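Here are my notes on the model you sent.

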Amino acid sequence: MSRLLVRNGTVVDPSQGIHRVMDVLVENGRVAEVRARIDAGDAEVVEAAGFHVAPGFIDIHTHLREPGGEGSETIETGTRAAAAGGFTRIYCMPNTTPVCDSETGVQYVISRAASHGCINVVPVASITKGMLGEELTNFGRLMGCGAGAFSDDGRPVMNAEIMRRALEYTKLLGVPLFEHCEDMNLTAEGHMNEGVVSARLGIKGIPRVSESVMVSRNCALAAATGGHLHVCHVSTRESVHAIREARRNGVRVTAEVSPHHLTMTEDAVLGYNTNAKMKPPLCEKADRDALIEALEDGTIDCIATDHAPHSSQAKDNVFDAAPFGIIGLETAFPVLYTTFVTTKRWTLDFLVEKMTTAPAKVMNADWGTLRPGTQADFSIIELGEPARFERRHIFSKSINSPWIGATMKARIAATFVNGLQVFQHPDVVLAGAGTCEKLAANGTAKPKARKGAKA
Ligand SMILES: [Zn+2]
Ligand SMILES: [Zn+2]
């Protein structure tokens, strides 16, 4: 039997209401016990005194780019970036080449994640064939081979009749429909939020109503069908209002918000910074404030990164020609901790909940906990010490992050999946940890099983 004891860390597990110094014992990849002073016996010991121990984060919105976009990310590099951010389970979007719209596509992601990934990966299959918005995929069959949800993310389902039928089918199957809400006729050739800043910069704007009009339409369709609509990356106050109204009326709608929409505004685009270009675009301070309040009052359920890798070649371009999106796995927790927890707006427990049990609940799953018997997926976190986030801390194949050079007051020291260490921060010393090979940024080192553990 393989045994691992994480000793004297401050365990933060909102699912059990735990926030105190405790030991965590892992046996054969599962949490065996969480309590004060557990006898180590023959277990390997990781000394976590002074560190925090949290359930692994869950991201229900990432882009891994494989197959077809291996120049900007692969399942191997994307899962390593996730592990470096404390994530142990991610849902990857189907807008690859080819689109993940077939059983072969779903099986490919699952088998590559098993052979090359270091964390749990759940494929999201597309709603429509080729994400063309015309013909539904075979939801039942795709779920049968492992698809965890459906989305045409990157493109909206413009046809309301297709959307209605998609909600009806997913209702029968009991899965949410992740919808990227955008009216493409309104966004047209826009590149940033339409307003004072876009006018000053001379960049064609995207009106905020392009999102909220689709949120409202989709909430109406969810109301009519009883299907579960999950709104991706909410970005405007009008969308928040529409979701709040729908929930008040009993509509089955959930929503996520990204770290960048919670922490940045359109002002980040001043200077034509292409790492402030994303869809939906960064909006005004009033939008950002509405998103924060919505997460706090439960209108928005959880945080999701929308990690969107793009090569430097593509991003080092004039603003109008650069692609939309930024990476976000490595920085999600440190950025949100620094912005909201050190300023005392949020408790650490609130932030951990929004990145663990909250996204799990959207999926009707009970992940994101250190409850005994569950798979031992967790991270060890260093809090309080200011440290610069540098390019060498990026494990993604792409570096399109607006946070390079920023000072953050949290670092993921180590991440464990199934009781095996899959990440060790290069600058943080953790006695007993580090049996995985040194994971050099953008290198090819693969995590190794801990001594005596089954791989
Ligand atoms: Zn999207
Ligand atoms: Zn996305």
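1. Terms first. Buried means under 20% relative accessible area, exposed means over 50%, and partly exposed lies in between, with a 1.4 Å probe and protein chains only. By that rule both H180 and H233 are buried.

2. Basis. This is a predicted model, in which local features need pLDDT of at least 70, side-chain atom pairs count only at pLDDT 80 or more, and totals for chains, interfaces and linings use all residues. Residues are numbered from 1 along each chain as its sequence is written, chains are lettered from A and ligands numbered from 1 in the order in which they are written, and side-chain values use heavy atoms, without hydrogens and water.

3. Zinc site. Which residues coordinate the zinc ion (ligand 1)? They are D153 (OD), H180 (ND1) and H233 (NE2), at 2.0 to 2.1 Å. Along the sequence these donors follow the spacing D-x26-H-x52-H. Donors are N, O and S atoms within 2.8 Å of the metal (3.2 Å for Na, K and Ca); water is not among the atoms, so the site may look incomplete.

4. The zinc ion (ligand 2) sits 3.6 Å from the zinc ion (ligand 1), and D153 coordinates both. The pair H180 and H233 links distant parts of the chain, 53 residues apart. H180 is in the loop between β10 (177-179) and α5 (184-187); H233 is in the loop between β13 (229-231) and α8 (237-248). Helices (H or I, at least four residues) and strands (E, at least two) are DSSP runs, numbered from the N terminus.

5. Cores. A nonpolar core is a set of buried Ala, Val, Leu, Ile, Met, Phe, Trp, Tyr and Cys residues joined through side-chain atoms within 4.5 Å. The largest has 79 residues; I300, F333 and W346 are among those with the most contacts inside it. Helix α12 (residues 332-341) gives the largest share, six residues. A second, separate core of 23 residues includes V24, V31, V34 and A413.

6. R371. This residue is in the loop between α14 (357-362) and β16 (378-388). R371 counts as partly exposed because its relative accessibility is 36%. Beyond four places in sequence, R371 is in contact (heavy atoms within 4.5 Å) with D13, S15, Q16 and V31. A polar atom of the R371 side chain lies 3.4 Å from the backbone oxygen of S15.

7. T225. Helix α7 (residues 209-225) contains T225. At 10% relative accessibility, T225 counts as buried. A polar atom of its side chain lies 2.8 Å from the backbone oxygen of L221.

Methods: Polar contact = N/O pair within 3.5 Å; in protein donor to acceptor, adjacent residues only side chain to side chain.
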